[in-house]
Structure formats: structure tokens, C-alpha cells
Amino acid sequence: MSTQLILFFILAVIAILSAIGMLVSKNSVYSAMFLVLNFVTIAVLFLLLNAPFIAMVQVTIYAGAIMVLFLFVIMLLGTDMAAEGISMPWQPPIAILLSGALILEFAFILFFAQQDVLPQIEAISAAFGSPQSIGKLLFNFYLLPFEVTSVLLLVAMVGAIILAQRETG
Amino acid sequence: MDPALLVEWLVKSGVIIFLILTGFAYLTLFERRVLARIQVRIGPNRAGPLGLLQPLADGIKLLFKEEVIPDKADKVIFILAPVLTVIPAFVLLAVIPLGPEISILGRSYSLSLAGDVNVGVLYLLAVASISVYGIVLAGWSSNNKYALLGGLRSAAQMISYELVLGLAFIGPILLANSMSLKDIIQAQSRVWFIVLQPIGFLLFLVASIAEVNRAPFDMPEAEQELTAGYHVEYSGMKFALFFMAEYGKMIVVSFITASLFLGGYLGPFVDKLPLLGPIYLLVKVTLILFFMIWVRATWPRIRYDRLMALGWKVLLPIGLLNIIITAILVILVGGY
Amino acid sequence: MTENVEVPKELDATIQSMDNRFHDIVTLDDRKSYTGYLVPVENLIDFATSIRDDLGYDYLSSVTGVDYFPEEKMEVVYHAYKTSGGGALVFKVQIPREKPEVPSLISVFPGSDFQEREAWDLLGIRFSGHPNLTRILMWEGFEGHPLRKDWKEPFFEEEKKPYKNRWPEGGVYRIEDEVPMGKNVKYPLGFDPQKWTPEEQTTFKEDMDSEAGDNGSNGSAMHTDQIVVNLGPQHPSTHGVFRMVARLDGETVVDLYPEMGYLHRNHEKIGERNTYIMNMPYTDRLDYISSMSNNLGYALAVESLMGIKPPERTEYIRVMMVELTRIVSHLWSIGFLLNDLGAFFTPALYAINERELILDIFEATAGSRMMCNYLRFGGISRDLPDGILETVRELVNERLPRKIDELDTYLTENEILRSRCIGVGVLSKEDAIAYSAAGPVLRASGVSYDVRRADPYSIYERFEFDVVVRYNGDVYDRYLVRMEEIRQSLRILHQVVRDIPEGEIQTGKALYQVRVPAGEAYGRVENPKGELGFYVVSNGKPNPWRYHIRAPSFINLTALGKMCKGEKVADVVAILGSIDIVLGETDR
């Protein structure tokens, strides 16, 4: 148990530091790389929580696919453009306001509404988080959301193709 | 935590790293000798008997080379990129069983670091998907147009072919009814999956060659067009790391191919003599590696746009079709 | 070949018959041993258009200038041919030396582009109307025009030519030792090479830019940036120090122009200070893959000035060597085309394997494998050694046909090769002629033009062979043309080794110092790379007054930009490989 705790704290610190690093980096490529690091640490945290499937999916999709695309765009734009950016004077106050609201929300749930929200923790079964159980859950209980999501993705894909097609005429 | 288990893991990790490192060193020699034979030459045979010390000589030479960092390069990322490239090659082998369980002094050991993880295949995909970072970052940080073009090409290429790779994985998964590589290998004890999944095997072969940027898909480093692509500005040991990553990945991909389609460590008499397992596996891996070198020696490079078209318009539909057919057959005939 | 004695009558008649517009204007060049017509500057474009459209002289082979220093005039010499075959129509423009300016023929013959730039660069002849009259072989900061007779190489060039003995009384003395490195360069006033930066690249024409911009943002707000990439001069697939400046839109080439001169050594100037025979080994260094054919071109030019012919046996040996050279060059080209496509040296090494056997023959005969220096005026340096004919016979009749078939089976139907080559780098028939493309590039575009057939030299009219033609003008067809030309060369060689007579190898006495009467001559041969021409002007002195080379590698590059436009970056390399240049010849 203690090993796990130590690991958890190390990972938590890395995750928080990388998140901060992402926010404060001037260079957008560095930001992207901090975010990737963040995703990977979160994936390891999932592993600690006995959820290897989610951990792997986290790495594959977020770190392996989405962030590569981000990086791609940043590189294509050229860092000079991306680094300078457009200064948005209205951004900081709104960001502070929103994050304040988020903290309040967290505090409320943690300190006042905890009993109502969190269900009783059950003993984790061996099959928890395994591909089989997730598959069963996905295709039985969450079938409708699953299908809707896939249609959404399809629509997005078709849209992207149409956008790209128009360019060449 | 059990100290004995910790020691076991450390030893296994050491073995895997040793395997990749020596494998990398001697794969370069193997490649040069095979290429030379195919090209009616002799190949390196001066350093040591049969040129066996050639990798050592190359390594020492690279160590003593000057490390050049371009003036306008992004230094942190420039140094980080080769490291990022080489790590995936080392960690991928963790989930591949190198042999059946063996027992020494009354304790049984499985010949893999995490062979029975039930998401082994996903692990492979996950690590493969982040291996693109090193190349992209190397291309970007060098501040060189060739390198940038190489990095962009490789990003696009690897993302495209990962998809095909993932689809090719699904055939064996369906047949073995498991994502654990150990189970997949065990499921091949009667028939190798190359027989049941010939299309899947071909898809996997093509996609994996593209994924490790080998000829005829060596677009990112296309010497004739992009001089050396993403690692054009690298020298000395940093260059050697890229080299190591490429050959390490070749080895790992061969291990995966052997495990998924060629029965992994399985072979005659493995039940009685478990130590035969790793030998069988190495033979299979060597054969696949030979095939890759053979392809490199004989074929010109496919053009970049054709490569993307091949990935998206040919391999992807075939992969999808293969999955559908396999799934239907599995349901009709029953799991293997 | 050459036409040094008098103007052929029928040619004269054709000129006379052309609607008499030029009858009073154009005059016959009546200097002794000179040919062609003198055209006044103001009628040049009309005349060129007219001979192209009315008389069918659609192929401008060579453009060059001559500096007649003491007479205070310069001359621009044009050699035009018909792609249907036949001799040259030579026309010249004479201009004052102080203000040498002629209208550019680029609108009539686009192939004159690089040649006019070269003449501007080296001789200072200004071609008005040329869209990009910049230096092409010398570097941009260079002062003066080195081929002008009053331009002297700083600290180095002596008045007396050829130079006096460098081994006086047996002691070696090199003038280079007197000149510290870098001191033999003269800079323009106020020029500092350390601080000099090239001007903004103006070579990308403005209309190209706007055109590309339109394509990029056709009907939508999407805008894509183009990047300019230098392919070379240090680049593994430019076959030497050669640079292509490409403007890319993603992977697609929007515009491309070649930049050469990195290997420039002013071959022609050195040639003009050497004696005639001293130039023979020097021609080896032009297209160093095919030194034997270079020798032949030069020998033909000088022999026609001297009015001699080599003996029968020599003619046969010459043809044998030249055809072997063609096989060498084409094998090399095919092998390295595959390399440019990304094959890892295997086809190239298979091809080179056969090349080695031919080089063995050269070594046995000429004493050298690459720099053969074999031909002499009116002969060859030495007869074939005993038994070498047997080797050639075996090679030509047994081994090479088998090996060529082998290469053919391995390569021609390869799926990747076909997909990379078919339809790539297309040069239409009209463009190929207009851009003065030569050799396999021209023939792959559907023009059945081979100097060996169209204007036979040496003893080529005796041999049976086909002129190989393909019609698509793409990389694949150039490859096929080369492959088939190897077979045709083997056919010629087969006849040569069958018919070769015994006899003398030298007309007259072999001399170190030949006497070349005053006059001009243009010797051209079908080199493996294309039509190689030597324009030699003699004034009776021991060294040539003008020594110009029409280099096929150089002129074929004129069409490179056109072929590459709209193709992918990877194809540029293949297209360059299919043109098959040798930088020794391109830069001279």
C-alpha cells in the first residue's frame, strides 16, 4: 500500500507541475509537450486505480492522436506566430471568474454534499476495468450514447472532408 | 512488495534492454551483410572475425563524434527528441512473452515482464502512438526545412498507418478472444494465425513497415528528397539514438508480428523443453527482419501521396472488411 | 557533321526561296573557311522566326559568342537544325565590341535561355528582352566577363599562349605557387565577399506568384503558405554540386529553377589557352562518364578544320569505343535513376557491375578507365591490344544482352517503378524541340532525332540500327529509351566487331603540335546525354581562338523547371535523374 501511496504522490506532483507548466509556457510547443506529459501521468494514475483499459485508451487517444494533431497545427503555423499570439485583455478576468466558480463548486461538493453524491464503495472485482466488462457496459447499458457519439464523429468526419474538398474546387 | 518479485522484474527489464541493445547492434551488421550479398558485394568483414566487431567500432566512432547543435535550434527539445524516440522502442517489448513459463529451483517464471496483462495489445498501440513525438519534435526543433518536412511527413504517415495497424490487431484478438499476448500465442497452439488471418497478416506487415519508417515507406528520412529528413541536423550519439530507435522498433515489430501471427514462441517440443521457446521466437524474428532488409534492398520508394492513398483508400477498407468477415465467421463457426 | 568548305547549294536555294524578304539583308559569311549567314541585328528575330516557321529549322542547337578582339567586334553564332534531319543553318550577328547587344531569341527558341545567359556571363553580350539575364556559371559578385580576350586572370594569366614551359631545365615550377590562395580573384570596387548577400530572389517571376496564390485560395478564404526549399548544392540526389530552388506548396512544386556553376572552372577559357592536342584529355573531364564520346566530338571539329579523315580501322575502333561508352553511360543512368527513386543501390550496383567490364576494355586499350584520352586528330593514340576484340565480342554477343534482359525483367515491370515514373515530368513534343532538349530526353518526347541518323558523322551511315522513340515524354519513357538504346548500341557493336578491318590507325604522322588552318567548325556527336557540340574557331595559331562546348547536360536543364512544375518534391529528384546530367559538363 505504501508503495502505491508514494507513487501516487509522485505522479500527482508531476501532473500538477506539468499542468502549471502548460499554462505558463510561452512557447506553444512546450505547452503541448507539458500537456502530453500530463496525459501520460494521468494514464499512470488510472493504472494505479486498477483501470488499465482506460489508461491505455487515455494514452492512445489523448497523447497519441489528439496532441499529435495539436503539435501538427502548431508546427505548420510556425512557433513565431503561435508564440506571439493575439493578446486578449478580456481573458484574465473571465478566467479568474470561471476558475473561482469551479473551486467553489468543488468545495461545495467536497464539504457539504459529499454524502449525497458519492455512492458506497464496493469491493473491486477482478474483472473491473477489463476490456470485457467495459465492452459489455458500453454495448448494453450505454448503447444509445455510444451510437450517438459515433454518429457525431461520422458527421464531423464528413464535414472535414467537405471542407477540405472545397479548397481544391 | 515482494523483494524477490522486484528482483525478478529488474532482471527481466535488464534482459529486455540488453536484448534490444545487442539486437540493434547486430541487426545493423546483419543488414549490411545481407544488403551486401544481395548487391553482389561482400560487406563489412574487417573488424573482428566476419566483421563481428563492426557494430562496436561504429558505436565507438559515433561516441567520439562531435555533437553539433544548430545555432537556431530549440536546444531543450533538440536534445529531448532522440530520447523520446528511443524510449518506446525499449518499453514495447515488456508485454511480449518470450517463452512459456519455466521453473528454476522450484519457482516458476514467466518469460516476459507483463505478458499476461489483459490489455497487452492496447499497450502496444498506446506506446506506438506516442513514438511519433520524438520524430516530430526532432523535425521541428532542428529549425531546418528538410527536417520539418520529414517530421510532418512522418507524423501524417504514422497516424495513418497506426489505424491500419490497430485494425490488423483486431483479427487475432477476435480469434483468441483476448487482448493479452500470452492468450493470443496460446490460441495459436494448433494453427498459426497467419493461416486463419492471411489478409490481416499482410495488412500488419505493410502497416508495421510503414510504422517503423522502413523502405519502401521510409518517407520521413527519404534520403533522395529530404537528405535525411528529421535527423538531418543530428550528429554523434544523438544520431545514434535515432538509429537505435529505428532498429529497435524493427526488432520489436518483428517480435509483435511473430507473436500475433506466427505463433510466438510456439514450436515443436516447446512443452517438454521450454527453453526452446525463445529460440523459436528468435528464429522467427530473424526471418521477419530478413524480409524487411530484403524489401529495402530491392524496392524503390513509394511516393508520399501514393503512400497516404494506399493507407487510407486501400488498406483501411480492407482492414475494416477483414474485421467484419472475421467477426461474422467467429460468430458462425465459434471462437477459435 | 560539319560544313566548312562551302555552303551547300540547296541550302542557299532555300534561303533564296524564302519570300525574298531577307534576300538583300542577309549576306553570306564569305570569310575563308567560314559558313553561314550574317544577319543584321535588327532583323534577327524576324529571321529566326522565319527559318523556324517557313524553312523548318525548328531546333536551335547552339548559341554562343566569339570575341574578335583586334577587329573590335563580337559575333553571336547560332546553329539551327531541322528535327527531320540534315545539316545546319548557321547564322551570325556581328555587333560592336563596346556595346554588344542583340535581341534575345527566347521568344522564338526558348532553348536559348541558358545559352544566352552563359554568353552574357562569360562574354558580356547583352541579350535585350531576356527575362532573367543574370550570371549563370560565374558567381554574382564576379567582375568582368572572362572569355573576353582582354580579360586576364589576375596574377596568373600570361600574354603568350600556350604558356611557356613550366619545367625549365628540368625543375618543376608552378605559377600557382606564386599566387597565394584567394589572391587570384579580383573583386569589383567596394565589394566585400564576407559581407555580400545575394539580392532578393527575383527569379521567381511575379506572375508565377499570383498564379500560385490563385490556385491556393480558389473560391475560399483558406490560405496556405509556400516555402522555398533549396535542393542542393549539398544534397545527395543532385548528382553533384547542383542546386534547385523550389517553391513548394505542401509537397507540390509550384516553381523551380536550377542554379549551377558550383563546379565551374571556365573550361572554355582554359581550352583557349591550350594547344589543340592539350584539349583532348581535357574533354574527358566534361561528361566524365563518357570520355570517349567527348573525345570524338572534339576530334571531329578539329579534323574538319584540318580537312583530314582518319583511316578505316580507326573509324571502326572509334565507333566501338563510343558505343561502349553509350552503354556505360546509360547503365549508369538507369541504375541511378532507380537510386533517385529510393531503391537502395541494388539496381545501381548491378548496372555498375557490367560497367566495370567495359571499363576494363577501356583500360586495356587506352590505359585509363575513365579519363581515356584515346582519340587523336586523324587517328587514335594506339591500336587495340591483342585479344581485346575477343573480349569485346564475348561481352557484346553473350554477356551484355543477357544482363540487359535481366535488368529489364527486374525493373521495367516493377509496380513501384511504374507508379513513380509513368506520367511524371512530362515534356511534350513541342516543348522538347522548343527547349532544345537533346538525346533521350528529346526522343522520349516523340521526336525521332538522333544525330547519328539525322546528320551522320564518322561511319554511322554504314550501320543498321533503329532510332529509339517513345511518345509520352515522361520519366518512364526516358528510362525505356535508354534501355532500348543500349540494345541498339549492342546491335551496332555487333556489326563493328564483325566488320572491323586491319590497317593503319593514323592519317599522316602523329603530331604533338598540329597545324590547324584558320576557320571555324562545329563538330557534333550524339553523346549518351544528348547532342554534344564543339564550336572551334582557329586563327592559325597553336591554340584555338574560340573553343565552345554545347553541353547537353547544361541545355537539357532548360526544361527542368517546366517539367517539375506541379509535381511532387519526390518527383523532382526522379525527373532530374531522368534528364541524366553530369555536373562536369553542366558547369564546365
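**Around I575(C)**

Leaving aside neighbours within four places in sequence, I575(C) is in contact (C-beta atoms, placed from the backbone, within 7 Å) with V424(C), G425(C), V475(C), L560(C), M563(C), C564(C) and E567(C). Keep in mind that this is a predicted model: local features need pLDDT of at least 70, side-chain atom pairs count only at pLDDT 80 or more, and totals for chains, interfaces and linings use all residues. Residues are numbered from 1 along each chain as its sequence is written, and chains are lettered from A and ligands numbered from 1 in the order in which they are written.

Stepping back, I575(C) belongs to the largest nonpolar core, which has 277 residues; along with A207(B), V302(C) and V572(C), I575(C) touches the most other members. Such a core is a set of buried Ala, Val, Leu, Ile, Met, Phe, Trp, Tyr and Cys residues joined through C-beta atoms within 7 Å, buried meaning 20 or more other C-beta atoms within 10 Å of a residue's own C-beta, again placed from the backbone. Helix 6 of chain B (residues 145–176) gives the most to this core, with 17 residues; helices here are DSSP runs of H or I, at least four residues, numbered from the N terminus.

As for where the two chains meet, 26 residues of chain C are in contact with 24 of chain B. On the chain C side, helix 19 (569–579) is one of the elements that each supply at least two residues.

Chain B itself has 53% of its 336 residues buried, and its C-alpha atoms fill a box of roughly 60 × 50 × 50 Å along the principal axes.

Definitions and conventions: Buried ≥ 20, exposed ≤ 12 C-beta atoms within 10 Å, placed from the backbone.
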